[in-house]
Amino acid sequence: MWTRTKVLVGALRAAQSVRSRPKSSCDVDRAPRKTWVTPNGFNTGLKAFNSLSKQKEPFIVAREGVATWYSCGPTVYDHAHLGHACSYVRFDILQRILSRLFGITVIHAMVITDIDDKIIRRSLEENVSTTTIATMYEEEFKRDMLSLKVIPPAVYLRVTENVHHIVAFIEGIINNGHAYATEEGDVYFDIQSIGHRYGKFVGAVEDSHLEPVKSNKRSWRDFALWKQSKPQEPYWDSPWGRGRPGWHIECSTIASSVFGRQLDVHSGGIDLAFPHHENEVAQSEAYHQCGQWANYFLHSGHLHLKGSAEKMSKSLKNFISIKDFLLSYSANEFRMFCLLTRYRSAVDYSDNSMLEARTSLRTISTFTHDATAYMKGQLQCLPVQEVFLWERLAETKAAVVKALADDFDTPRAIGAVMLLVYHGNCQLQPVTKSEVGTRSPAVFGAMVSYIRDVLDVFGIDLQHSKVQNVAVDSSGGSLEAVVEQLTHFRSEVRAFALTHQEGPNKPGLYPERVPLLKACDNLRKELAPLGVLIKDRGASSTWELTQRKPSQSPG
């Protein structure tokens, strides 16, 4: 569907590619550094805001047409909420843009943190094993992501299944002189050993996550790679005694186990920038003895409840679960909500912001239905300015590609699509009577196809979203077929009721048929709240299925 666009973007990428042997950042300079360096590789023609350099940078990948991508997954001790969903959906949109618009294969790996202080605490409270807690919430998280149409990563990796890799990774850091073990059986990363190179993300968020001073640490800044086990806690054997991994080390180890010593993209919420991602970088570059482990860090902004300065969080008890959210809104509407703001911007969640997303989708959907009715000859209009619409379509295509190549600017891309819809609606001016004139169905077909395609890139499927909630009876009949027949019957009754009396002394409608016309109007009004929108277009009528808000079951 995107062949022509891919050819143009591919040609641009080929012209801009660095054709020298693609060397990793580790190969360029084996001495770790704090300053970000443009990596060698292949220029995609895109720009992305890199938290490492704190500005937009050319997006260069190590292997042509491929981007390696690691993201921090959930700590599975409770329900996932809308704040999590916002980050995962935003990055899903970015990955879809890379793969479906710019032809870059994204190899995505995600860690599942299935052992953690919070998981242990929850298991003790409920008197079940940590495995039971982690498995239950991991499966729920995956179901939630599917319900939001988030494409699963190429691989999920659990921490508990990679402890042996983590132990070996820690040993490597110790051997390289960047970590130390204590007599108590803990292992800490030695911040002083890397000097001024620590602090690549400081300033991204407030420095409020630092661990309290412990007597067995050399410095208050040192962080745990391995924790000695406590009574009633799960443990694994290690050279330092029984214990379990620290939080930060799991991501460095697992990302390295999949992608080796070089990573194109690392993503996560902005709250993870410091200290989590900071410590990941320190560990990974200390282990691999390289100057730049991950070339790009992409961070998504927080989701706030409207009127609250705090991010949505389990610990603050101010969250909305994904399951509860989907009782009132659809996955398509949430995606549009995410598209209307930059992925790295903070965003306020409210009923009004969701209404804006719903209205935008409905405006697009209504246009595609009206344009389809026009193509079918069901909607009679004045002659349209066909050349003008072809020009606007070409402009929109160029504007969308330009916006998305500029740090994935989805609000600007959606704005271009909405402007195209506006121009299309301006040309669809219904007339009461059929008039002989030039019709231009092809340009509307091209516009509808393009709009559907670009929304599909974002993960919004207009065609199937209408039938997701459509009931299919046991005989195989669908609601769409019923509505089609009902609308056709209503149109015939309405046309009969609208017939004017003949003769100069009998102007207007037949009085005895007026109740039929009122009945048709009442039927149209009564069907609207049920999700069936009928529009009278002169002598004919069109219909569409809209999403109806589910009724709330009594408490």
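A residue is called buried when its relative accessible area is under 20%, exposed when that area is over 50%, and partly exposed in between (1.4 Å probe, protein chains only). The model is predicted, so local features need pLDDT of at least 70 and side-chain atom pairs count only at pLDDT 80 or more, while totals for chains, interfaces and linings use all residues. Residues are numbered from 1 along each chain as its sequence is written, and side-chain values use heavy atoms, with hydrogens and water left out.

The chain has 555 residues, and 51% of them are buried. Its secondary structure consists of 17 helices and 15 strands; these are DSSP runs numbered from the N terminus, with helices being H or I of at least four residues and strands E of at least two.

Helix 14 covers residues 441-457. Among the buried residues of helix 14 are Val443, Phe444, Met447, Tyr450 and Asp453. Gly459 follows helix 14 with a positive phi, near 95 degrees.

Phe444 also belongs to the largest nonpolar core, which has 124 residues. Such a core is a set of buried Ala, Val, Leu, Ile, Met, Phe, Trp, Tyr and Cys residues joined through side-chain atoms within 4.5 Å. Phe334, Phe444 and Phe458 touch the most other members. Helix 3, residues 82-101, gives the most to this core, with eleven residues. A second, separate core of seven residues includes Tyr77, Ile112, Ile133 and Tyr137.

Methods. The expected span of a helix is 1.5 Å times one less than its number of residues.
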